[in-house]
Structures are given as structure tokens and as C-alpha cells.
Amino acid sequence: MSTFPKDFLWGAASAAYQIEGYDLEDGGGASIWRTFTHTPGKIAYGDTGDIACDSYHRYKEDIALLKELGVKAYRFSTSWARIDPNADGSWNRAGLAYYDKIVDGCLDAGIEPYMTLYHWELPQAAQDRGGWQAEETTHAFGRFAGMMADHFKGRVRHYFTLNEPQCTTSLGYAQGIHAPGLRLELPEQFRVHVHQMMAHGLAQRAIKAADPDAVVGIASTGNLCYPETETPENIDAARQATFATDAANWIFTHQWLLDPICLGKFPHCAGTVLEPLVQSVTPEQLEIIHTVPDMLGYNIYNGHAVLAGEKSPIYVPKYPGYPRTALKWPVTPEVLNWGVRFLQERYKLPGYITENGLSCNDRIYLDGKVHDPDRIDFLARYLDALSRAVESGADIRGYFHWALTDNLEWHSGYGDRFGLVYVDFPTGQRLPKDSFRWYRNVVQSGNVSF
């Protein structure tokens, strides 16, 4: 059994487009995800977020589930497009009122809101003016963040500016499998990346100007490694591999986002194709980017085992039949121990696990219940690893399970289920899974049982 500190914050997470539905209701604007999901061939099964979990109308049920779960925090995102349809500061008060209901409902239930301002719902109007390729978007986002902090001052204390800019750049602007579905060349990919980092800086400053007591962070994801065996040599090799600069895979790393933001400099890239791109960043841009957060969010699902080699770290290949989730992601619990330690060593800021979980092939059994032993086993292993990181001194203050409910898993559609709560999408009915009750016991006791 593993034990967490008494003040450790337990929570659950969601994202607006994945759960809300009815995105154009009450004056809401189209986001790039509405456009993308309505483009034939982009989403599995032709699914869209038009209805999703219908949390726009059923939010009270979701807050009641959070209260039943016993968590003290809820990480959710706001749809920029719902509130700022034209991305020009013409605020849609009806859309804003929806998030008033979420925030006030959470507070009434004794649940602290952790608000993510951008989880990929870029207004289509902003995309039409260049999206993240245009510096105008960074200023529009800063304006949005400042308004939100002013509006929710005294009710929302914790904000994450952006969720996983790495995925926006890689999946949305490089590979084209996420909205807006572009496949840009490297210089334009880098421009998108720089503008998102600037957006964080402008947003954090705007939030602090509106509410000096606000606690602001950014949610990062990327490559993480852990030692195959815990020898000093392998631990050092895993650390090196985690922060290695690979010009071919630079986007999906923590350091290419967090080094400029937290340390004020880009990772070493001399002699690579990235060097002239880094040199093109102006001192004025870097000054905006270098806006150190109060906290960091880490979205962690899996990683790579590493051994020390004679000249460089060696990635250990996964053997045939290696344990994987329904989405075919490898199950690697140790990444929530060593990966977290390496991040804490490098950035020395309070951290939260803002996403962790897995997709299972969940269904309602003949007894009318949803049994998900795979999820319980996964969480027990990962949380045990996280407890060891915390015991080692890593300043991790909370854990948000991804996700509260099943939802639209972006380009995978509704076929992958990450929730502690089963959603019957034709009816919207919520049904807590076995893992819901297991996690509730963890939340109540602070202990992870096996």
C-alpha cells in the first residue's frame, strides 16, 4: 500500500469540446474543432462534438458525480469560441454565464475549480485570420485571459493558460490529424510554437494584472524516460534521454516548451536545423515567453525505459505482447516516478499531474454495471509510482484523473473511453464504473491499495 500526504489534492479533469456539446447554442461561435469534425474523413466513425456528453445541459449531474467521488478539485476547460466567438473581445455573455454555473456549482459542492483557458478550442474566426501562425492570436488570447480573470476573481484562483501546446503544434499544424488539420513546413511549425509560448506569457501577465492572487500555470506533455533498472548509470541515462535534443522530434518534448518559459532560454541545438529558427526569435519575443509560472501541470500517460550505453542512452525495445491500453499506448508506471523527478529537478516549481489515465474497452455488463479492472490495476500501479516520486521530495501537490466521464477522444471519436463514469452516448446517461468507487476510496484515505 502506498500513502500520500494528507494535503495532497485529488481531482478529476475534462475539456470543453470533449464533453459540452451544443457549442453554437446561446450565441457561441464555431471553433476549429467544430469545423474539423464536420469535415468528412477526419474523425473516426464520423463523430462530432455537437452533442458529446451534453454537459452544457447536464452539468449539474457532472458536479454531483464529482461530489460523490469526493474530489476537492475539478480541472475543466473553457471554450474560447463560446465566450469570444469572433476572437475580437466581443464577449458572449450567455456563454460566459455557462461557466459561472460550473464555477458556482463546484464551489457550492466544496470543489475548487482549476480552470484551463485553452484546451484546443481556437475560435474559427481566429483561424481564419491566421490562427497560431499569426501573432495577432497571441494578443487576442491575452485579452481573453485577462477578461476571464477579472470576471472570476474571488471564485477561481488556479488557472492553466494552455493545455499541451506540443499537441497543437505537432498534431494540428504538422501532422494534420487534429484541428485545424494543417501540414506545415518546419519554419511555420516553429512559428506556431513560439506564438503559443508568447500567448502563455501574455495570458499570465493579464491574469495577474486582473487578479494578483491568482495562481497561474501551463499544462505540458512530452517525451519522458525512466531507468530500466535503478542503477546510478541508468538513472543518469534516463535523465539524459528525457531532455535530449532531437531535431526530428523536438515538438513532443517538455523542454522545448518549458525551458524558454521557465529558464528563459531554448534547449541547446547548435548545428541543427533548429538553430536558425531559435536565432530568429527576437529578444522582445523571448522576454514575453519568459514568464515563469507559479505551477506546472504535467500530462503523463507513458514513457520509455532506458539503459546506459557506452556513448549514449539506449532505449529498451518493448517486447512482443507488451501490456498496452485499448488505445495501444504502453503501460509504463515508472514514468510517473522517474519522469516526474526529472521534471522537478529541472524546473523546481510546484507541480500537478493534470492528466493521467487510460482508454479501456468499457461496456455495461449483464448485471447492469461497468466493470473495469484494467483501469483499477493501471491506476494502482501509476499512483504507487507517483507516491515514490513524492516521497523522494518531488513537489507534486495534486493528481487529476483523466477523465471524469467518457467523452469525445478527438480524432478517435467516441470509441475510446477514458472516464471513471460511463456515458451512454445515445441517451447521455451516466453510470459510475468500478474504478469510480476504487478512486473514491483513494481520495478518502490517501492510500493506494493493491
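## A buried or exposed arginine?

Is R375 buried or exposed? R375 counts as buried, because its relative accessibility is 0%. Here "buried" means under 20% relative accessible area, "exposed" means over 50%, and "partly exposed" is in between, using a 1.4 Å probe and protein chains only.

Before going on, a few ground rules. This is a predicted model, where local features need pLDDT of at least 70 and side-chain atom pairs count only at pLDDT 80 or more, while totals for chains, interfaces and linings use all residues. Residues are numbered from 1 along each chain as its sequence is written, and side-chain values use heavy atoms, with hydrogens and water left out.

## The whole chain

Let's zoom out. The chain has 16 helices and 15 strands; these are DSSP runs numbered from the N terminus, with helices being H or I of at least four residues and strands being E of at least two. The radius of gyration is 21 Å, close to the 22 Å that the globule rule gives for 450 residues, so the chain is as compact as a globular protein of that length. That radius is taken over C-alpha atoms, and the globule rule is 2.2 Å times the number of residues to the power 0.38.

The C-alpha trace spans about 60 × 55 × 45 Å along its principal axes. Of the 450 residues, 62% count as buried. If you take contacts between residues at least 6 apart in sequence, 78% of them join residues at least 24 apart. A contact means heavy atoms within 4.5 Å.

## The nonpolar core

The largest nonpolar core holds 152 residues, and F141, L386, Y399 and Y439 have the most contacts inside it. Helix α9 (residues 186-210) gives the most to this core, with 10 residues.

Have a look at F141. Leaving aside residues up to four places away in sequence, F141 touches W80, L117, Y118, W132, T161, L162, A199 and A203.

## Salt bridges

The model has 26 salt bridges, each one a side-chain nitrogen of Lys or Arg within 4 Å of a carboxyl oxygen of Asp or Glu. In one of them, E20 pairs with R82, and the closest N and O atoms are 2.8 Å apart. E20 sits in the loop between α1 (16-19) and α2 (32-37) while R82 is in helix α4 (residues 80-83), so this pair ties together parts that are 62 residues apart in sequence. E20 is buried at 4% relative accessible area, and R82 is buried too, at 1%.

Now back to R375. Its side chain meets that of D362 in a salt bridge (3.0 Å, N to O). D362 lies in the loop between β11 (351-355) and α15 (373-391) and R375 in helix α15, so the pair ties together parts 13 residues apart in sequence. D362 is buried as well, at 9% relative accessibility. Salt bridges with shared partners join D362, D372, R375, D406, R417 and K433 into one network.

## Aromatic pairs

There are 37 aromatic pairs in the structure. Rings of Phe, Tyr and Trp (its six-membered ring) pair if their centres lie within 6.5 Å; planes under 30 degrees apart are stacked, over 60 edge-to-face, and the rest tilted. F4 and W10 have ring centres 4.9 Å apart and planes at 75°, so they count as edge-to-face. Both F4 and W10 are buried.

Y114 and F400 make a tilted pair, with 5.2 Å between centres and 55° between planes. This pair links distant parts of the chain: Y114 is in strand β4 (residues 112-118) and F400 in strand β12 (residues 396-402), 286 residues apart. Y114 is buried at 2% relative accessibility, and F400 is buried at 0%. Finally, F141 turns up again, in one aromatic cluster with W80, W91, Y118, W132 and F144.

Terms used
A nonpolar core is a set of buried Ala, Val, Leu, Ile, Met, Phe, Trp, Tyr and Cys residues joined through side-chain atoms within 4.5 Å.
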